[in-house]
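Could you walk me through this structure in a friendly way?

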2 protein chains.
Amino acid sequence: MGTFHYPNGKKIVTALKTKKKSSSVPKNEISYSNRGMSLEDDLNQSNQYYLLTGKAVIHKKPTPVQIVNVEYPKRSAAVIKEAYFKLASTTDYNGVYKGRYIDFEAKETKNKTSFPLKNFHEHQINHMQQIIDHGGISFVILRFSADDDIYLFDCRYLIQYWNEQKEGRKSIPKGEISEKGHSITIGYQPRLNYLDIVDRVYFSPSL
Amino acid sequence: MGTFHYPNGKKIVTALKTKKKSSSVPKNEISYSNRGMSLEDDLNQSNQYYLLTGKAVIHKKPTPVQIVNVEYPKRSAAVIKEAYFKLASTTDYNGVYKGRYIDFEAKETKNKTSFPLKNFHEHQINHMQQIIDHGGISFVILRFSADDDIYLFDCRYLIQYWNEQKEGRKSIPKGEISEKGHSITIGYQPRLNYLDIVDRVYFSPSL
């Protein structure tokens, strides 16, 4: 894994915000535009809800960091003084649901009409294929932030679009995502009840 | 998750070593004492082997770090200037094997006669119980470094010993581990063929 450069620091600002905000979110507002919440916040809250209610064990993996220099002050915690972000070799979320292995990545775009494939990288796509090959459940959760539309999209389709990039198309049209994917509505507890969709798509007896 | 203090910096030294060493390890020496390899090195190599040979998709999670301060120098990678280790809320390794969810933690002790339970913490034990409850495969890989003895030990037993701590015993006798667990021999490719044991323990038709 190489060092990864977040050019504008966006990711980190989000990560730090998450910590402070969790207790001060107004509980009656459930649209993204009013809440200023990120997709990651909502998935973490939903996974926490699933964990506490005994529905599933799904966690976000820690951000991969290459640690270069650590100081060990006497009588206080070790301080990492130099470290770099690394490109993840897998997806961000995984766990177990009804005995099955579940694995997914969550991404947002400001684009209104299509989802740019540059949100993913080759390693992740390969990982998704490997999960499918080993009988795991592999999908992405895609959010169009302008309209607050969120979809669960099976990785088989994503991989297909990824492979078709050489033919020129660098994004997935929103119409295809809404047609082949499944809309996730924003609720209160859990905020994103994506396991409801997982039940229908991956555990339905008709499939 | 709280900040975690590694008092002697051991963990980090190991993590950095891993990166540099992977290509310079002598290939014909397979005992720990000669190799100076860690259990983590060997598991990473074994998981890499399983991945490349299409046997399983199992990865070590990144070390959880709380990032406090990041600098964004022009024309070069973002540098984390202040961060702290966090206590992991789950186990270190997970993935999918033959469609099943696999989850484990790996620990070493210098103790010759028993494995101290202080190598685990409450959050991890709870996580292991949750994995079992949801139909996943949950075990620990325990290494007695003095004698190079490595065992796969089902988490049901570990949880039992954990709960019995209040009766006074703070460690698991090695005899119990060798009796209820399964010895993993050190080989070349993969170095620790623990999936061979997983096959026998969790996929055997007689169980």
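## A guided look at the model

Both Phe115(B) and Phe120(B) are buried, where buried means under 20% relative accessible area, exposed means over 50%, and partly exposed lies in between (1.4 Å probe, protein chains only). This is a predicted model, in which local features need pLDDT of at least 70 and side-chain atom pairs count only at pLDDT 80 or more, while totals for chains, interfaces and linings use all residues. Residues are numbered from 1 along each chain as its sequence is written, chains are lettered from A and ligands numbered from 1 in the order in which they are written, and side-chain values use heavy atoms, with hydrogens and water left out.

**Aromatic rings**

- A search of the whole structure finds 27 aromatic pairs over all chains; rings of Phe, Tyr and Trp (its six-membered ring) pair if their centres lie within 6.5 Å, and planes under 30 degrees apart count as stacked, over 60 as edge-to-face and the rest as tilted.
- Tyr50(B) and Tyr194(B) have ring centres 5.4 Å apart and planes at 80°, so this pair is edge-to-face.
- That pair links distant parts of the chain, 144 residues apart: Tyr50(B) is in helix H3 (residues 39-52) of chain B and Tyr194(B) is in helix H7 (residues 194-202) of chain B. Helices (H or I, at least four residues) and strands (E, at least two) are DSSP runs, numbered from the N terminus.
- Tyr50(B) and Tyr194(B) are both buried.
- Phe115(B) and Phe120(B) make a tilted aromatic pair, 6.4 Å centre to centre with 35° between the planes.
- In chain A, one aromatic cluster is formed by Tyr49(A), Tyr50(A), Tyr93(A), Phe104(A), Phe139(A), Tyr194(A) and Tyr202(A).

**Charges over rings**

- The charged end of Arg100(A) sits over the ring of Phe203(A), 5.7 Å from its centre; for this, NZ of Lys or CZ of Arg must be within 6 Å of the ring centre and within 35 degrees of the ring normal.
- In chain B, the charged end of Lys174(B) sits over the ring of Phe144(B), at 4.9 Å from its centre.

**The annotated binding site**

- The UniProt record (an unreviewed entry) places the feature "binding site" at Thr90(A), Asp92(A), Glu105(A) and Gln124(A). UniProt positions are given in the numbering used here, feature names are shortened, and annotations may be inferred rather than shown by experiment.
- These residues span 35 residues in sequence, yet no two of their C-alpha atoms are more than 9.5 Å apart, so they gather at one spot.
- Thr90(A) is in the loop between strand S3 (79-85) and strand S4 (93-97) of chain A, and Thr90(A) is buried, with a relative accessible area of 6%.
- Not counting residues up to four places away in sequence, Thr90(A) touches Lys61(A), Glu105(A), Gln124(A), His127(A) and His59(B); contact means heavy atoms within 4.5 Å.
- Gln124(A) lies in helix H4 (residues 122-133) of chain A and is buried, with a relative accessible area of 2%.

**How the two chains relate**

- Chain B can be laid on chain A with an RMSD of 0.0 Å by a turn of 180° and a shift of 0.0 Å along the axis, which is the relation of a two-fold axis. Copies are superposed by least squares on the C-alpha atoms of residues with pLDDT of at least 70 in both.
- The same surface serves both copies, as 100% of the contact residues of chain B recur in chain A.
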